[in-house]
Each structure stands twice: as C-alpha cells, then as structure tokens.
Amino acid sequence: MRSTVVKLFCLSALVACVVIEGAAQQVPAVGTIDQRVGLKAGFRDAGEAAKNMEHVASLPKPEGFFDPTAPAGRGSPPESQANANGRQNAPNTPPTNPPGPPPFDPVASNRLGFTNSDLAFTGNHVIVGNYHGFNTYDVERPNRPKLLASVVCPGGQGDVSVHGNLLFMSVEQTRGRLDCGTQGVQTPVSPERFRGIRIFDISDVSKPKQLAAIQTCRGSHTHTLVTDLNDKSNIYVYGSGTGAVRSAEELAECSGKDAKEDPNTSLFSIDVIQVPLAAPQNAKIVNRPRIFMDTASGNIAGLWQGGNHGEGTQTSRLTNQCHDITVFPEVGLAAGACSGNGILLDIRDPKNPVRLDQVTDKSFAYWHSATFNNDGTKVIFTDEWGGGGRPRCRSIDPPTWGGDAIFDVVDTKDGKTLKFASYYKMPAPQTEQENCVAHNGSLIPVPGRDIMVQAWYQGGLSVFDFSDTAKPVEIAFFDRGPIDAKNMHSGGFWSTYWYNGAIYGSELTRGVDVFRLKPSEYLTQNEIDAAMLIRNEELNTQEQKKITWPAASAVALAYVDQLSRSKSIQPERVRALKTALERADALRSGQDRNAATVRDQLDTLAGQFEKDAAAADGRDAARLRSLAETIKARAARLRA
Amino acid sequence: MRATCVSLWLTLKGQILRVFVIVLTAAAGTSCRSASPRGVEPHVPDQARDAPPPIVQPGAPGEPSKVIAVDKATDLSQVEYTGADIKFMQGMIGHHAQAVDMVALIPTHTNREDMRLLGKRIDLSQQDEIKMMQRWLEVRGQQIPTPGAHRMHGAVLMPGMLTPEEMEQLAAAKGSEFDRLFLEGMIKHHGGAIAMVSDLFNTPGAGQDVEIFAFASDVDADQRMEIDRMGAMLNAILKERQQ
C-alpha cells in the first residue's frame, strides 16, 4: 500500500515534469524572434526564458522585507509612448484624475522602501542589500540558498561591501536613523538622522552589531572599498553621495551651494573615509577630493555642465557627483561613473585620487557604474537612462541609449586615456511594464577572454563577451516577463554577479536567483570549468582583484578551445596536448614512473606554443603565450 | 529535463520507503523546477521546514542589537508621504508648467541659437518631470493639477513664478529684450524651485518617501547648474546690448 502510494507520488512527479516541460515549449521561440519577447507576466509565475544558462534556485524575499499587503509592490500605469525616448515633445496632458480623492493609503506610498539592491560575498555567504536593511544567505550549495539572517536598518540604497568581519552599508535617505529605527526622522534637523556609511561587525552573522556610522553631507548612494597596497592597517572607502545636501545645522560644514557661490560646497566631490582595521569605530572622512576640477582654471565644477551634445543627442546630467566608482588597486586605477562623465583615476595613493582622463558620450544620460577587464586595459561604463524605474528597453528606445559604452584604456604620451570602442545593450525588446536599463554586473573569470554578466532590471540578465571591444557578443541570457501585465511594478535584477562558480542575482521585488552557465557554441565546458576554478574568500564587485588562474588542465584546454575557435592552433597539437594533460592528470604524484616522460612532453609542447605565439598577433598570440605558461607551470607541478 | 526526472524516478524505485518520501518531496519541490523553471513557481527551500531566522535590528553604534517582530519590521507608517509631499508635487507641476509656457515663446521671440537650445533643454526636462510628478500623484490617488491651472485667475503662485503681468510683458518683448526678460525670469523661476526643495526638507516629516527624496535631490542639483549657465548667458547678452 505504502509502496503504491510512493509510486503514485513518483508518477505524479514525472507527470509534473513532463507537463512543465510542455509548458516551457509554449514559450515563443518562433523564427528569429528572441525567446525573451512575449513572456507571460506574473509576480511569482512569470514566463521565463533562458539561453545557455540554467536557473538553479529562486528564493522570495523574507518576511520583514516586503509590504505584507502588497508583496509584489505597487504598480503604476505605464507611461505613454509619446515623449518616451526623450526626444519628442508631447502635449502636456495629464492622466485622467481618478474619481474623487480616495482615503489616505499609507502602504501605497514608499513603494520602493523594500527594494533589494547590491550584493557582497564572503566565504559561503551572499549578502543582499536592501533599502530596508540586508539579508545574509548561506550558499554552500548554490542551488539551495538558505537564509541565515535578516537585518532591518532602513535608509537606502543599502549598497553593501564586506571586509573580514566588517560589513559596510550605504545610507542616503532622510529617513535613515543612527539606531536603525523604522520610524524615520520627523524633524528637519536632528542628531538621530543618519546619512552616510554604516559599519557592522558580522562576526556573529546571525546577529550583526553596528560598530560605526560615518555621517556625510550628501549621504552615501554607493560606496567602494579601496585596499591600500602599502598600508595593511587601514582600509579606505570611497563614498559617492548623490542626494540633496543636508544643512550645516545638522552636520557641520555641509553646503549645497553651487561651486561659484561657495568654494567649500559639498557638491563636486566624493568622500574618502579611512577605516583603521584595529579600531573601525574610529573611521573618519580624511579627504573630499575635487576630482572634477578643471586643472587649468582651478574651477571645481570643471567637467560636464549638463545638457545635450547637439541636435538629436541625449541630455547628460551635470557632473557634480559620482554615482559609483570601481577601483582596481593592483593596476592603480579607478573608473568613476560620475553623472555626466566617465573618469579614470590614479588611486595608487588611495587617500588622494588623481584624475587621469574624462570622457562624455552623446548617448549617455547618466554615467552609472564601471567594470574593468582583468588586465585593466578596458572599461565598460553603464548608462542608467531613466534612473532605473522606467522602461528604456522597448523597441522604440535607441539601442545606443541606456546601455553600455565600452572603452579601451590606451597609453599615450599624456598618460592613460579612455578611447571609445562600441555600445552594448541587452538586445531583446522589453515591454512598457518593465523597468529596464543597463545596471550592475561583474566579470566571469574565463581565462583568455573578457566576459561579463550584467543585470538589466526587468530586462533580465545578459552574459556577453567584450574581448573585442569593438564587437561585443551576447553569450547567454535569462529573462522573466513583467511583474504585472497592465501596470509597471518596479522589479528585475539590480545586480548579477559571478561568485565561486555560480551567478547570483538580486531581484528588486522577487528576491534572489541563482544560475549556472551551460556550454554552448559561444562558451565551452573547458572555459566554464576554468572559470569554476577561481575561488574567492571575499568579493566586492566594485573593488576588482586580479584574477590568476591555476596551472590546471581546464585552463590550458580553455585556451585551446579559444584558439580552435579562431582556427589558430593545429589539430594535431591539440591532440598531443590533450593526451599529455590526461596523462599528467592521471598521475598520482611526481614520483610516478611516467612523471618524467609526461613532464618532458608538456615542456616540449609549451616550447612549440611559445614559438607559435611569436608568429601570431593580437589575442591569439596572448592566448598562445598564456597556454605555454600554463603548460609549463603544469609540468613544473609534476616536479613537486 | 525529462531525462533528469526519469532517471530520478528509476533511482527512487530501488530505494527504501523512508528515503523515497524524503527524496521525492525534494524532487517534486526542487529538481523538476530547478531544471526548467519556466513559468513555474520558485521552489520553497529548506526554510519551509526550518523556521526562518529572527529579524534583527541593530542599535546605534556600540549599542546592542535586538530581535523584532515582522509587523514592527515592516511598519513604514511614520515615513509615508505627507501632506507636504503632496503639496510639493502638486505645486511643482504648476511651477514646471509655467517654465514650459515660457519656453514655448522662444522660437518666435528670439534671434539667438543658444537661447533656442536652452529652451529645448528646459522643455524636455520639465515635461519629463511633470509626467513623473503626475504619475507619483496618480499612483497615490491624489489630485493632479490640470494643465492650465497655473494660468487661472487667482491661482496661487509658487515661489519664483512669474505673475500674469510679467508673463504678458515677456510675451510682448522681442529680440534681446525678450532674451533678457526670459533669462531673468527663468533664473528667478528656477531659484523658486530650489526654495521649494529647501522648504520641503525643512518641513517636519516630509521628504522621507523614497521617490520624493530622489526627485527633490535631482531638482535641486539640476536647477542650480542651469541658473549658473543662464547667468553667464545673461551677462553676455547685457554686454552685447551695451556695445
């Protein structure tokens, strides 16, 4: 009897699987239409499309982080198509008034109060920031994330970073309180208000404790940890404030005046905070560098003055702030996405960043974030046209607006400069009900290539290769239908980052999602395996660390696959190398009988590839060199 | 995907009952869905069985953290939009609408290309922000000012707005006299918007709504810079007139 019941269960599970598969096949994939077009709307049951990746887990937001009366948030009617791309003038007609003012509905307000935001990683933990606090998940098994802690501490955006037992968090809103209270601050000037960067002790992950709270004039919209390679006793934080400047009555020396009116204005700078690791409670602002200064005139408002770039071009915001800064201490550079400009900074002295170059772009509305490639020779800047709350990926929206601009970092006689190469925008048109624009992403550590996974709010996530900065190519994607078929609900991915073998996405409204890459014509299993070998103890995406790959067969074979793709390697060499690597991997130790033979074979092959490299050019030459190095190092391991 | 389920089923057949039930629960709840999640509710993870961890609220720096209940954690009743927020948005719509009216005069009243460009820029940004404000009010079921309300006789003028007489004077002017009146008027007008933002943040309890906070911050920064730029244009025009 029991056995029968179980079999029935099994059968129903099987049937369920088949039914699900059947349903999946109904997702439109007709002709050349992108699978992402026409997905069914829904909060928890939206249609989904995935290409070359697997969606392995989805976890709704925990209690305390959504409005219990409206878990999917509150929608608003879609904006009209007129004036949508910001170039046509629409008549100034308001939507029809609803019949009579309804009673005051407190929960209808602050629809964004529980928004999930940025991610940080430490050990087996993913920390998901939220406008309302943060949540920590155990992802020892990435397909079974488990909530470890929910921490309420409102103030937005809740951008998070981690260093050892310290968790850093950005607070910008006027509702933020020193004591993490949810009641806001009712008086215009109050010692209870907190806007700036909080530091928590997370040594007890289930019960974080606030250690310090560094008040800043504009609050902190985002922040970036900066390691000083010459000073292990401190860590630095670059705080980027974008909000209104508070009054000097609340925080001394704050001034929201224009640069001409007040040379000490709190606008036109970032906050550099020094955190003594032995005493983080003593963290303090040590500099407010004028990184937008025109060095010739000394004008601190020296960069983009706001406005468009001529007929038919985008209107770019004035540069009086950075939205986000990505640092790469090992190459001594930072890329600042600073409102109307992308800037390159020398950060070898983290306290005193020095601007090396600045660019504008006629398609960019608001320079939002930046990502270097692993060599520090390329930068992807994103444009958050529409601020993230609006649909900017519709078929009527220009493909060069609201996407990425990819730059090469070029050495010239005047030092390092940024040189524009191309645009990239997630290619599938989205609906009027989906807020969509370029957002946060990270590198995927595939050796020999520059690959990024990027969030596009309700445009889903897109994985693309920018090894050739002039020709970015999409490799994989995931997308859901809108939260609602009629109204626009704020949702989609804020950040999608690769960490230790999986891709984690923080969904504004729906929670957390986890993905795995699948091999395809664009990415081989060896390339994925090589990426999987990179294991970090900690990851803050805005502080890039140099990735170095171990001398493993998967790494060598990843290069081989890339060279085969460009037909730059002889098939018999590939066969010989595969055989030698297999034999090397089969050895138990360098003392094995065959070790010396295998070692010699590998060394010989390495020598051949070095020669091939000398005769090749561009990326092929670099890959051949890396291949030779990997093989040599693999052979050396056999000596151990 | 089908292969996964079949092999799972076959494997299960060989197991003892207890394992059956446990694995099957997981399979029905997880494996099938995670293998092909299209249109499927996300799986309910371990927490469905384990109680979720308590919600922790830290104290001020150096103070202990405490555990709080869900209803307390989600209570945003003290940081909802206030009457001042609503008035701010309603008032700013009329305020912006007047800027659009002023800008509409530019093509027929000026001879200067930089004035035309300025006009286009202001028109775009103000129209866009008007839409945003209308939506903010609509979503919250609040009264949306009608397009011409700011022109009505006896309409309350928000700070910096031109009086009907000043508007008439502007419409009657041409060439560089128009340019001067326009720039002086728009500088005053923008200054009014900055004052409105300042008043908002100086009103107890106001400006705590997430969207209001972001919008008011942007208005403040954008209009300050535009005032700066218009000041430079005005100086240039005055200089030319002297010559």
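In chain A of this predicted model, strands β9 and β10 (residues 209-215) pair in the antiparallel sense over six bridges. A:Ile197 faces A:Ile214 of β10(A) across that pairing. β9(A) has a partner in strand β8 (residues 166-171) of chain A too: six bridges join the two, and they run antiparallel. There A:Phe168 stands opposite A:Ile199 of β9(A). What about the surroundings of β9(A), residues 196-201? Five of its six residues are buried, so the strand is largely enclosed by the rest of the structure.

**Chain A as a whole**

Let's step back for a moment. Chain A carries six helices and 32 strands. Its 640 residues include 55% that count as buried. If you take the contacts in chain A between residues at least 6 apart in sequence, 58% of them join residues at least 24 apart.

The strand pairings of chain A picked out in this report look like this:

| Strand pair (chain A) | Sense | Bridges | Residues facing each other |
|---|---|---|---|
| β8 and β9 | antiparallel | six bridges | A:Phe168 and A:Ile199 |
| β9 and β10 | antiparallel | six bridges | A:Ile197 and A:Ile214 |
| β22 and β23 | antiparallel | five bridges | A:Thr382 and A:Asp404 |
| β23 and β24 | antiparallel | nine bridges | A:Phe407 and A:Phe420 |
| β25 and β26 | antiparallel | four bridges | A:Ser442 and A:Val453 |

Now to β23(A), which covers residues 404-412 and pairs with strand β22 (residues 378-383) of chain A. A:Asp404 of β23(A) has A:Thr382 opposite. β23(A) also pairs with strand β24 (residues 415-424) of chain A, again in the antiparallel sense. How many residues lie between β23(A) and β24(A) in their hairpin? There are two residues between them.

Next comes an open sheet of nine strands in chain A, with mixed pairing and the order β1-β28-β27-β26-β25-β29-β30-β31-β2. Which strands are at its edges? Those are β1 (48-51) and β2 (53-59) of chain A, each pairing on one side only. Direction ignored, neighbouring strands of the sheet are turned by 20 degrees against each other on average. Inside that order you'll find β26 and β25 side by side. Strand β25 (residues 440-444) and strand β26 (residues 451-455) of chain A share four bridges, antiparallel, and the bridge partner of A:Ser442 in β26(A) is A:Val453.

**One residue up close**

A:Val151 is worth a look. A:Val151 belongs to strand β6 (residues 146-152) of chain A. Is A:Val151 buried or exposed? With 31 C-beta neighbours inside 10 Å, A:Val151 counts as buried, since 20 or more is what it takes. Neighbours within four places in sequence aside, A:Val151 is in contact with A:Gly133, A:Phe134 and A:Pro208, plus B:Val56 and B:Pro58 from chain B. A:Gly133 is 18 residues away from A:Val151 in sequence, yet their C-alpha atoms are 5.5 Å apart.

**Over to chain B**

Chain B has nine helices and two strands, laid out along the sequence as α-α-β-β-α-α-α-α-α-α-α. Of its 243 residues, 46% count as buried. Among chain B contacts between residues at least 6 apart in sequence, 67% link residues at least 24 apart.

How are helices α4 (residues 83-104) and α8 (residues 175-201) of chain B arranged? They pack at an angle of about 170 degrees, with their axes 11 Å apart. Angles over 145 degrees count as roughly antiparallel, and α4(B) and α8(B) are therefore roughly antiparallel to each other. On the α4(B) side the contact includes B:Phe88, B:Met92, B:His95 and B:Met102, and on the α8(B) side B:Phe182, B:Met186, B:His189 and B:Leu200 are among the residues involved. The residues of this contact split into 10 nonpolar, six polar and no charged.

Chain A averages a pLDDT of 89, and 90% of its residues score at least 70. Two stretches of chain A call for care. Residues 1-30 of chain A stay under 50 in pLDDT, and the model has 45 contacts beyond four places in sequence for them. Residues 81-110 of chain A also stay under 50, with 59 such contacts.

Technical notes
Residues numbered from 1 in each chain as written. Chains lettered and ligands numbered in written order. Predicted model: local features only at pLDDT ≥ 70, side-chain atom pairs only at ≥ 80, totals over all residues. Buried ≥ 20, exposed ≤ 12 C-beta atoms within 10 Å, placed from the backbone. Contact = placed C-beta atoms within 7 Å. Axes fitted to C-alpha atoms, helices over the stretch in contact; angles between N-to-C directions. Parallel < 35°, antiparallel > 145°, perpendicular 65-115°, else oblique. Nonpolar A, V, L, I, M, F, W, Y, C, P; charged D, E, K, R; others polar. Pairing = 2+ DSSP bridges. pLDDT = per-residue confidence, 0-100.
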